[in-house]
Amino acid sequence: MRRGLLRDYEDVVHALQRVLDIFWIVLAHIAMCAVYGQAWRREMSNATVMGIVVFSVAAELCGLYRPWRSEGLTTEIRAALLVWLSTIAALVLAAAATKTTALYSRVVTFGWFAAAPVILAGWRIAGRLILRAARSNGINIKTVALVGATAGAERLYSQIKSRPWLGMKVRGIYDDRMVERHHVFTDAGPPFVGRVAELIADCRANRINMVYVALPLRAEARIAELLRALADTTASVYLVADFFTYDLLCAHWSAIGNSPLVSIRDTPFRGVYGWLKWLEDVVIGALIMTVISLPLLVIAAAIKATSPGPIFFRQRRYGLNGKEIRVLKFRTMTVCEDGPVVAQAQRNDPRVTPLGRFLRRLSLDELPQFIQVMTGEMSIVGPRPHAVAHNEQYRSLIHGYMLRHKVKPGITGWAQVNGWRGETPDITWMEKRVQHDLEYIENWSLVWDIKIILMTILGRKKNQNAY
């Protein structure tokens, strides 16, 4: 009886969530009026009612009131904040269209706009903590069955086992295949319960709430037959898509019309994240350009005065999506190589000028690339671009090498601040560099970019292997 307490009243729980959201939105507006000593007027009632209507509609469109059991708290809070931002936009546009902005207290309105999302997020955090405690004590537990003794089933089982707050109890694995074909779990896995026919019987007897089908993708016929049989039960069914064998990079679900798609390898900078990355480059790039404008002139004059040849060095390299760009640097050598063979700089390289050695040691030769950041060819943080000759050499030797070009090349990067820069005496050095670049692309965040920038300025490894 305890195990199905919330499950049996799921509709009531979702209705309660709607009521609580409305209550907190109204309370936040009233509280702001009280804090700033403003009398409640008809205009405030109108704004509150409109806010409730817009929020409720947007919440339904965004699926805010759906089961969040298997999804992270940040995902749910992000959805709630997105709905509230939509509400703010609608209220501001309505006030501007009706020319009634002067009727509202700016301090109360902005206070309401800021307080409501904090409360909406706060009560969701509190609710999650209560549910976690309840599920850890055996309340609101759902019984789960895994179909297929596969590597995908092992990964899913370990994730469920390490997250008791999800409220999932794995009954066991069902599989029609011979035991010899079963995946061998590295640790103690769930028990083998029986064949698929027994799974169907257990589902019909309501002993199982959720079924996760972890059969190989090539078993399409068996999966289709299983889904037809499970259609005669009330169990929720999920397909465990085993895409990990495809070297995923920024994978996400999408659709064209009614055709669901999954991107196996993609860029992280789509939609709002693309705009965020662009804004980071423009704002920080403009600030840095302001600071380095005088040093750029001083370095240019010093290069011209100390060695014959051009001030700048341009070299063909691959940029975003493998498009060829010409990277701009201060000349630090007596040569400007850009042919089919480019020798890497080595310790005590005779081609490096005395001033060039100083510039390379402090990475000051890279400063002109901030101009390319402002023009959009490069980013402040990203995989460092290599000479075209080196790209052609390593792309055939290192698996996934060209995936580092799914984002703009950067002046600094995760590999560089970890010391993987400069000469690559053997292929393992380049493999480490590529490994760090792909790790950055897969897990990008604005905070990580800021961390890399700070490590570039202050880190101990930033000048390692810089000759």
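This is a predicted model: local features need pLDDT of at least 70, side-chain atom pairs count only at pLDDT 80 or more; totals for chains, interfaces and linings use all residues.
1. A salt bridge is a side-chain nitrogen of Lys or Arg within 4 Å of a carboxyl oxygen of Asp or Glu.

2. As to the overall architecture, the protein chain comprises 15 helices and eleven strands. Of its 467 residues, 43% are buried. Among contacts with a separation of 6 or more, 70% are between residues 24 or more positions apart. The accessible surface of the chain comes to about 25400 Å², and carbon and sulfur atoms contribute 63% of that area.

3. How many salt bridges does the count come to? The count comes to 17 salt bridges. One of them joins the side chains of Arg171 and Asp202, at 3.5 Å from N to O. This pair links distant parts of the chain, since Arg171 belongs to strand β2 (residues 168-174) and Asp202 to helix α7 (residues 196-204), 31 residues apart.

4. Besides its bridge to Arg171, Asp202 forms a salt bridge with Arg207, where the closest N and O atoms are 2.8 Å apart. Arg207 is partly exposed, with 40% relative accessibility. In general terms, side chains of opposite charge can pair when their charged atoms come close.

5. Salt bridges also connect a group of residues. Asp21, Glu76, Arg124 and Arg128 are linked in a network of such bridges.

6. For the aromatic residues, the count comes to 15 aromatic pairs. Trp420 and Trp429 provide an example: their ring centres lie 5.7 Å apart and their planes stand at 80 degrees, so the pair is edge-to-face.

7. Which residues do ring pairs link into a cluster? The members are Phe55, Trp84, Phe110, Trp112 and Phe113.

8. A charged group is also found over an aromatic ring. Arg404 lies over the face of Tyr401, at 5.5 Å from the ring centre. The distance limit for such an arrangement is 6 Å from the ring centre to CZ of Arg.

9. Finally, the cysteines. A disulfide is a covalent bond between the sulfur atoms of two cysteines. The structure holds zero disulfides. Is Cys33 buried or exposed? Cys33 is buried, at 4% relative accessibility. Cys203 is also buried, its relative accessible area being 2%. Both values are under the 20% cut-off that defines the buried class.

How values were computed
Residues are numbered from 1 along each chain as its sequence is written. Side-chain values use heavy atoms; hydrogens and water are left out. Rings of Phe, Tyr and Trp (its six-membered ring) pair if their centres lie within 6.5 Å; planes under 30 degrees apart count as stacked, over 60 as edge-to-face and the rest as tilted. A charge sits over a ring if NZ of Lys or CZ of Arg is within 6 Å of the ring centre and within 35 degrees of the ring normal. Helices (H or I, at least four residues) and strands (E, at least two) are DSSP runs, numbered from the N terminus. Buried means under 20% relative accessible area, exposed over 50%, partly exposed in between (1.4 Å probe, protein chains only). Contact means heavy atoms within 4.5 Å. Accessible areas come from the Shrake-Rupley method with a 1.4 Å probe; for residues, only the protein chains shown count as cover. A disulfide is a pair of cysteine sulfur atoms within 2.5 Å.
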